[in-house]
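I opened the notebook to go through this structure piece by piece.

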Amino acid sequence: MSETAVAHGHDHHDHDHKPSGFFRRWCMSTNHKDIGTLYLIFSLTMLFVGGAMALVIRAELWQPGLQFVDPHFFNQMTTMHALIMVFGAVMPGFVGFANWMVPLMVGAPDMALPRMNNWSFWILPFAFTILIISFFVPGGAPAAGWTLYAPLTIQGGMSVDMAIVAIHMMGISSIMGAINIIVTTLNMRAPGMTLMKMPMFVWTWLITAFLLIAVMPVFAGAVTMLLTDRHFGTAFFNPAGGGDPVLYQHIFWFFGHPEVYIMILPAFGIISQIIPTFSRKPLFGYSSMVFATAAIAFLSFIVWAHHMFTVGMPLQGELFFMYATMLISVPTGVKLFNWVTTMWRGSMTFETPMLYAIGVVFLFTMGGLSGLMLAITPADFQYHDTYFVVAHFHYVLFAGAVMAMMGGAFFWLPKWTGHMYNETLGKIHFWLTTIFFNITFFPQHFLGLAGMPRRYADYPLQFTEFNQWSSFGAFGLGLSQLLFVYIVVSTVRGGKKATTEVWDNPEGLEWTVPSPAPFHTFDQPPVVR
Amino acid sequence: MVFSRPTKLAKNQLASKLTAIGGAIAALVYAGAANAEYQLNFQQPVTQVARDIYGLHMLIFWICVAIFVLVFSVMFYSIFAHRKSKNHEASQFSHSTKVEVVWTIIPTIILIIMAWPATKVLISMEDTTKSEHTVKITGYQWKWGYEYLDNDISFYSTLATPREQIDQFDKATAEKQGENYLLEVDNHLVVPSGRKIRALITANDVIHAWWVPAFGTKKDAIPGYINELWFNVDEGKEGFYRGQCAELCGKDHAFMPIVVQVVTGEQFDNWLASGGESFDAGAIADQDEADAATSSAAAAVVEAIAPAASAAEEASAKTWTQDELMALGDEVYQSRCAACHGADGVGIPGVFPAIAGSAVATGDRESQIDLIMFGKPGTAMAAFANQLNDEEIASVITYQRNAFGNNVGDVVLPADIKAKR
């Protein structure tokens, strides 16, 4: 029986076998597609929760002086905005993509550990409930920044303990998700799909999953030490008891730097799927892309102290971390050049996913280059903890990670829902997002260079104009995302029927199953040649 | 390295070039720049280190711009030329070891070109030897303490911007913000130009960071650590330089600025000779005026300190009535306590305890004195024994025991505080 015959025969007998009832279908699901959908809905919800907090921040910074919130609440906003965006929006968003696409891309019927998959998702809503209700305990939510630096967190109220519990739960969820992706990728690939034939998205997620398993326990350790410092009489970080506040920063950033690659590598993967499709050309330098990803992951473990050049490290330490950090731009550059070369002499069309991919390559590179500037230690003394850094990491995390997810959503939405989204609205969404993003964050480079420190509830008068640009852009950026929800919802509800291939002769197993992808796919493994 | 000695001219050139490359957004900014203040780059450096950093910053910036323009001209050329709507046929090449090697090696060489000058600047920044004066800087929530270690001069430096300018919740009571809004303090650091100053930096509670952008220095102030930095301000650059705390340190992180007055070596020596006692808040009556006339103001500062010192002597000898204590206490409370415990004494539940109706402020007098003089470790409650004088501590305790509906009725006298020291 040939491959097509199998797929065909399957279609005729397909009753989908979806469990009946809302609770059984969604809460007890072990299906990778349904769990992927849950992750994506959760991520989008958190994007709006965290985004609302960002708008509180930008409203307060519209003018010098305190107009809307007191500084203590402002600090809660900056802290919670970051925690929710990092752990609630970006990380679960990419896990959602992995859940949906990894089994489809490697030709597996489901994730290797479906019950654990269910568990790793359903921990998250509880973790974030705990985190968010900390707003209502005495003293309000954590206000010491998402980095939770000791000794400031040792002073905090009980919300810090709630955040610690929530972080442990998110960590467990992430680690289980990572284990699932690794096991699926290594054991359940279709016959003939060698590692070096895997799609780039699968490769980047495989490497990301190893990073997660390596560093989430480190973060868990750091916050547990914080917890025992707060309540059980230890003094890991409390200088009054002989502890070392800088130790916390070393442990945190040993987690924190790989963490930023956890948030960007899957984005690289999505971009590497989109660009070849719309260039109608194979990805240039596939194997060097794989090695570059692995090199970035390796380097991420030896650069952490560049987040803390001002703590007073020995000169030798500063030099080592400067050189190591600069080195990251080599494999990252390889990826950039490969994407551009993939487009070179292609036959490009510019549907919404392609616009997003080009936008990500362009804007992420700006964030990457400002990152290279930040790596130069003497200059970093000036940039550190200013709005220059805020601009930098929003260029890599919003324009890199979040916009890559939006591009990925438009790219696979027809496969998920069986309907084409409205192309005009998609393009409008892209342009609104890109333009308002730049109005919001480009002026923040100037603010930082001119000397505005970050995490400031109020600022001297000379920073007013650029802050107003930034606040104006932020509200536009926030409101534009309502359009995204509208497009997604209307695509789920109806629209032009999507074909099996969706795009023009795309490569990959996900484009061999019907649109929408049936509840069960690849009951018989496809054969990859 | 055209911009290694930035001048007003260089800044303007930079501004126009940034406008050119920033595309639509920068163009929008430029359009608005006619009647607003848009500083696009670092503050004017006044030390050699700050100039070196500026040069380094511009060098990397232009290298990044060059890479950016190069890569994206290729990409945009491709986007315009190699599109399906122009019937461009896709070629199917997929790898070339030769180009991969080239674009691994060339960036590495560029990195070495960047790393070399960066290493040189870093080495000079970290060399704190051969300094002529040493100042110890301590971060507190939320003020700075300065101590001239060789001269027995020490004082605290707190925000001088009035609360009415900061609180704009109610437009009726809000005041218009002044020129140095959030960048003005009661007592500022005074340093000489043309001499190498070493600063020892630490903190008393949480981590802060001491930063004066024009000096090119930023270092974290960490409890339990003593960090070092140095700066040497050019002669001829006397004046006021302003910076802010750069590490999140809690609620009033944005409200603990740094003001440094640079005077000539001679003026500084005179100041040291006539100093010794702490500054009085009135000593530098009007900082804005001092700003206007930089070096002559420095001399005025020196003259103003002596009378302030003798006034403090007189205060401890007098007898205090409850009304006088309450009046001074109100003043001290609003400047030192209100940031956390609230102007109306209600605090922030769970983080900063209320004074109104609190067990401490209505309970045992001695334990309240201990708490205020020696603080509470592990919390934001600082030890005020060294930050306030006897009269201020006595009056603020009296005030807390008899304000906000607290009605204990007793008074604490300066002598009670003196006895505890």
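In which sense do strand 6 and strand 7 of chain B pair, and over how many bridges? I looked this up in what is a predicted model. Strand 6 and strand 7 (residues 217–221) of chain B are antiparallel, and five bridges hold the pairing.

**Entry: strand 6 and its hairpin**

I checked one pair across the two strands. H208(B) sits opposite A221(B) of strand 7 of chain B. I then looked at the link. The hairpin has four residues between its strands, and G216(B) has a positive phi near 70° there.

Next I asked which way the side chains of strand 6 of chain B point. H208(B), W210(B) and V212(B) go one way, A209(B) and W211(B) go the other, and all are buried. I noted the consequence for the strand: with five of the five residues in 208–212 buried, strand 6 of chain B is largely enclosed by the rest of the structure.

**Entry: the five-stranded sheet of chain B**

I traced an open sheet of five strands in chain B. The order is 3-2-1-5-8, and the pairing is mixed. Which strands stand at the edges? Strand 3 (153–157) and strand 8 (227–231) of chain B do; each has a single partner strand, so one side of each has no neighbour in the sheet. I also looked up the twist, which averages 20° from one strand to the next.

Strand 5 (residues 197–203) and strand 8 of chain B run antiparallel and are joined by five bridges. R198(B) is opposite W230(B) in strand 8 of chain B.

**Entry: chain B overall**

I took the totals for chain B. The chain has 13 helices and ten strands. Of its 421 residues, 41% are buried. I also checked the contacts within chain B between residues at least 6 apart in sequence: 68% of them join residues at least 24 apart.

**Entry: chain B against chain A**

How many residues of each chain are in contact? I found 92 residues of chain B in contact with 88 residues of chain A. On the chain B side, the elements giving two or more residues are helix 2 (23–32), helix 3 (48–81), helix 4 (97–125), helix 5 (163–166) and strand 7. I sorted that side by class: 51 residues are nonpolar, 28 polar and 13 charged.

**Entry: helix 7 with helix 8, chain A**

I moved to helix packing in chain A. Helix 7 (residues 158–187) packs on helix 8 (residues 200–231) at about 155°, and the axes are 8 Å apart. The angle is over 145°, so I put helix 7 and helix 8 of chain A down as roughly antiparallel. Their crossing is left-handed. The contact of helix 7 with helix 8 has 21 nonpolar, four polar and two charged residues.

**Entry: helix 9 with helix 14, chain A**

At what angle do helix 9 and helix 14 of chain A cross? I read roughly 45° for helix 9 (residues 245–279) and helix 14 (residues 387–417), whose axes come within 9 Å. Helix 9 and helix 14 of chain A are therefore oblique to each other. This crossing is left-handed.

I listed contact residues. Helix 9 of chain A contributes residues including M263(A), A267(A) and I271(A), while helix 14 of chain A contributes residues including G400(A), A404(A) and F411(A). By class, the contact of helix 9 with helix 14 has eleven nonpolar residues, three polar and no charged.

Note on methods
Residues numbered from 1 in each chain as written. Chains lettered and ligands numbered in written order. Predicted model: local features only at pLDDT ≥ 70, side-chain atom pairs only at ≥ 80, totals over all residues. Buried ≥ 20, exposed ≤ 12 C-beta atoms within 10 Å, placed from the backbone. Pairing = 2+ DSSP bridges. Contact = placed C-beta atoms within 7 Å. Nonpolar A, V, L, I, M, F, W, Y, C, P; charged D, E, K, R; others polar. Axes fitted to C-alpha atoms, helices over the stretch in contact; angles between N-to-C directions. Parallel < 35°, antiparallel > 145°, perpendicular 65-115°, else oblique. Left-handed = near helix turned anticlockwise from the far one by under 90°.
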